[in-house]
Amino acid sequence: MSDPNHLSATLFKNADPAAVFAHLEDGGKVTFGAFSSLADRIAVKLMAAGVAPGGRVATQVDKSIEALALYLGTVRAGGAILPLNPAYTDAEVSSFVSDAAPTVFVTSPQREAAHQQLAAQHGVAALFTLEGDGRGTLTDGLEPAAGFVPVGRRAADLAAILYTSGTTGRSKGAMLSHANLSSNAEALVKVWRFTAADRLIHALPIFHTHGLFVATNVALMAGASLSFFNRFDADAVVAAMGDATAMMGVPTFYSRLLNHPGLGAAAPGMRVFISGSAPLLEETHHAFKSVTGHAILERYGMTETGMITSNTYDGARVAGTVGEPLPDVTIRVVDEAGEEDVAPGEIGTVWVKGPNVFGGYWGMPEKTEQEFRGEWFITGDLGRVDENGVLSLVGRAKDLIISGGFNVYPKEVELLLDAVPGVRESAVIGVPHPDFGEGVVAVVVGDGARLAEADVMAAIAPHLARFKQPKRVIFAQELPRNAMGKVTKADLRRSHAGLFG
Ligand code: AMP
């Protein structure tokens, strides 16, 4: 007998074909059986188009249940899914397609003409379209797939290539195996206690690990259902809380929900709210607790590793902490020299090891080697672990500011700024400075109150050593963010590069 398809078999082990997997925005329902059959039919079409084991299927499409089935269809065809953010320009798409050499490219009808050219140029065997409403040449005339058996794939085989968002350099294609994805889903189902009785609000994009793998794979594996939204809309999400039990979101979802007058009445019936992909402001955590009674459960992960740590379900969910390593995952917090673990409470770089850690960057063996020490992957995140093994993050190593030879951790200054009355949020960056190498600059978003630079400085200065104090406070209407709500500090550094001359 041939091998099973490792990921598909593990994800569907609890699925009841007759049970509802997805509740759609238009009131439609998709059962596990219907979803699975759609994935099979897509798999057959992909294989007819030339997708062989290990072949890549690139997608740049709007979110839809069909786009989710395309992920599974690709996996069942033995291929690797390569989802791209619809916001990428044709020039960006061209560089990904040339790098990853996909067999099939699925795009939106609006971009078909441009992408036809690009596909021909890069030797893509077939180009299909898929609209946000599920129509397109991918789903047109799908043949029944009776008797189709998913292509056998083993635990170590490639299931996906996800390009990192590239906020600190060139995007790299993280190669994720069947076991990377299945082991992470297994751990999360367990620690977050998902069962078939759950209904998860899914309003995240599906070109990123959070919506594509964390939310989808956890629901599939638990046999739970989704309230599936093509985009985040606070009204729709609050309305969905009546029937749902759980939500996964990025911090901006939670701050937007807090502005919704219906949140306080709708949320208490829910079981759990989970946040990640970017830092959750302590203020958001506390405000959400006071309005809903729920302490948001924060977890930490990245494209290359899936989820790494999570607040425990029963334990304290302390604002500003991202919890403990998941089962089978180990972390270290290592000194600047990359040699020794720092003492509890001290800041170092987070290293991670476990079945969740990716195999390397596509086509970049040297880059891969630089970021691994043996089995340990160097995340590039700075953090500290307390005596109980609970991790807090203080920022990306690349955002660390070195001013006059001293390290300034932006998070420490941001926490103080955020506590100043009239400040809604802040980002602290280092920009070139003739004397200090880098000068500390605070970019502050006010909540409408009149704020002056001198007042902000006066409020935080007593709490900070001189070298950590911002040399300038700049007021902004909002902070630049990427699709997952992460503040793009590289953009801020670029905008303010000339500040000190
Ligand atoms: P991505 O690969 O786009 O998922 O980005 C991963 C990065 O997001 C991590 O390396 C962290 O810097 C950041 N991140 C993820 N989760 C959290 C969290 N809960 N708190 C703070 N930063 C986070």
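**The open sheet and its surroundings**

Modeller: In this predicted model, Ile-274 stands opposite Leu-297, a residue of strand E13. E13, covering residues 297-302, runs parallel to E12, and two bridges join them. Both strands belong to an open sheet of nine strands with mixed pairing, in the order E2-E1-E10-E9-E11-E12-E13-E14-E15. At its edges are E2 and E15 (324-325), each of which pairs on one side only.

Leaving E12 (272-275) towards helix H11 (282-292), the chain passes through a loop that contains Ser-277. The phi of Ser-277 is near 90 degrees, a positive value in a residue that is not glycine. Most residues other than glycine have a negative phi. Ser-277 counts as buried because its relative accessibility is 14%, below the 20% limit for that class.

Another loop of the sheet, between strand E1 (20-24) and strand E2 (29-31), holds Asp-26. Asp-26 has a relative accessibility of 67% and therefore counts as exposed, the limit for that class being over 50%. Together with Glu-25, Asp-233 and Asp-235, Asp-26 forms a patch of negative charge on the surface.

Asp-314 lies in the loop between strand E14 (306-310) and E15, whereas Arg-193 lies in the loop between helix H6 (178-191) and strand E9 (199-202), so that the pair links parts of the chain that are 121 residues apart. Asp-314 is exposed, because its relative accessible area is 61%, while Arg-193, at 41%, is partly exposed.

Lys-367 has a relative accessible area of 25% and so is partly exposed, whereas Glu-371, at 14%, counts as buried. A further salt bridge joins Asp-341 and Arg-332, with the closest N and O atoms 2.7 Å apart; Asp-341 is partly exposed, at 44%.

Conventions
Residues are numbered from 1 along each chain as its sequence is written. This is a predicted model: local features need pLDDT of at least 70, side-chain atom pairs count only at pLDDT 80 or more; totals for chains, interfaces and linings use all residues. Side-chain values use heavy atoms; hydrogens and water are left out. Patches are made of residues with over 30% relative accessible area and no salt bridge: like charges are joined within 9 Å, nonpolar side chains (Val, Leu, Ile, Met, Phe, Trp, Tyr) within 5 Å. Accessible areas come from the Shrake-Rupley method with a 1.4 Å probe; for residues, only the protein chains shown count as cover. A salt bridge is a side-chain nitrogen of Lys or Arg within 4 Å of a carboxyl oxygen of Asp or Glu. Lys and Arg count as positive and Asp and Glu as negative; His and the chain ends are not counted. The place of a charge is taken as NZ of Lys, CZ of Arg, CG of Asp or CD of Glu. Helices (H or I, at least four residues) and strands (E, at least two) are DSSP runs, numbered from the N terminus. Buried means under 20% relative accessible area, exposed over 50%, partly exposed in between (1.4 Å probe, protein chains only). Two strands pair if DSSP finds at least two bridges between them.
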